[in-house]
Amino acid sequence: MNIQKIRDEASRALGRKDVKYLIGYQKGSYGFRVSPAFFQTKEEVERLIFSPLCQVSLAPYLTLEEVLPLPGEEKQKASKVALLARGCDSRAINQLLAEKGIPRDRLYIIGIPCEGVIDRRKIEARFPSVTEPAEVREENGKYIIAIGDQSHEISKEELLADACKVCRYPNPLIYDKLAGDKVAPRQANYDDITSWEEKPLEERLQFWLDQFSRCIRCYACRNACPLCYSNVCILDRLDPQWVKRSNDTSENLMFHVSRAFHLAGRCVSCGECERACPMDIPLMKLNRKLEKDVNDLFSYEAGKDAESKSPMTTFHVEDREDFIL
Ligand code: SF4
Ligand code: SF4
Ligand code: SF4
């Protein structure tokens, strides 16, 4: 990934009168962490980075605009937010546009063809207790990891985020400028889900009950999701109270099933929910099952374009109805 190309596009974006700020990444101050960051001037672009450590999606910030920093005085009237978008982010943006969650004319999208990112848990397990800021670059299928004056080489497959291993759309599907050459998509399939579906129902149910019994209902999964952007989530409602606040397996199951159905046909497989979960609950297993079902039943994948409506929000007379009792 050529960082200079990204910085050039970022500078051009910030030079536009209609762009108020750019959402990108900057170096973190601790270990393998990288911070989402806001850039308001061309001069600030020097601190913009993009590396295999940039795992966090920037797309959720688009629907948080009221809490984003105010632009400097000269940009108060500018209407657009610029951001870096990888393939999965671009799918989230498409889905938000299709749902009219954000207007297209408020966005300036710098597309980043994406080679995949590192799962921070995997790299921290490999290099525990690293506190000084580390840097990583990809070279010939390996990650070159610089920690202080030490350099380490690790195979890419060992550290790659699981969501990236099954990513079918690494290239942005919507953008104003593309910062880099397109990359070859991986050959991804649903073999993991097919073999999971073959397990007895009781075993699968017990698996999820065990998983959800560990959930602490911190809602990090919901808050990190670019497609969970309701002003008032049903989980926060007290009147009526759809899901009790008590943290027990039954209520946790209700939360996760509600969320899964809310995301069915809308989830773009970015993996943010699983990344954010402090309890390591394998939420992508559930999301990918729903994604596969929606694909099988309706030949639909969320976020491929900004016009298609999710099957759960539309009706056609020829829709399948064999599930209706
Ligand atoms: S899911 Fe795809 S687009 Fe997103 S970070 Fe991974 S490889 Fe890149
Ligand atoms: S449910 Fe998870 S994988 Fe799907 S869009 Fe939300 S954060 Fe991404
Ligand atoms: S992030 Fe994990 S622990 Fe927190 S609510 Fe979601 S599944 Fe539960």
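**Around the ligand**

Guide: The shell around ligand 1 divides into nine nonpolar residues, two polar and one charged; Ala, Val, Leu, Ile, Met, Phe, Trp, Tyr, Cys and Pro count as nonpolar, Asp, Glu, Lys and Arg as charged, and the others, Gly among them, as polar. This is a predicted model, where local features need pLDDT of at least 70, side-chain atom pairs count only at pLDDT 80 or more, and totals for chains, interfaces and linings use all residues. Residues are numbered from 1 along each chain as its sequence is written, with chains lettered from A and ligands numbered from 1 in the order in which they are written.

Visitor: Which residues surround ligand 1?
Guide: Among them are Arg86, Cys88, Cys114, Cys164, Cys167 and Cys270.

Visitor: Which helices each supply at least two residues of that shell?
Guide: α2 (87-98) and α5 (162-165) do; helices are DSSP runs of H or I, at least four residues, and strands are runs of E, at least two, numbered from the N terminus.

Visitor: Switching to the sheet, what's the strand order?
Guide: β2-β1-β3-β4-β8, an open sheet with mixed pairing; strands pair if DSSP finds at least two bridges between them.

Visitor: Which strands stand at the edges?
Guide: β2 (34-39) and β8 (177-178), each with a single partner strand, so one side of each has no neighbour in the sheet.

Visitor: And how many bridges join β1 and β2?
Guide: Six, in the antiparallel sense. Leucine 22 has phenylalanine 39 in β2 as its bridge partner.

Terms used:
A residue is near a molecule or strand if its C-beta atom, placed from the backbone, lies within 6 Å of it.
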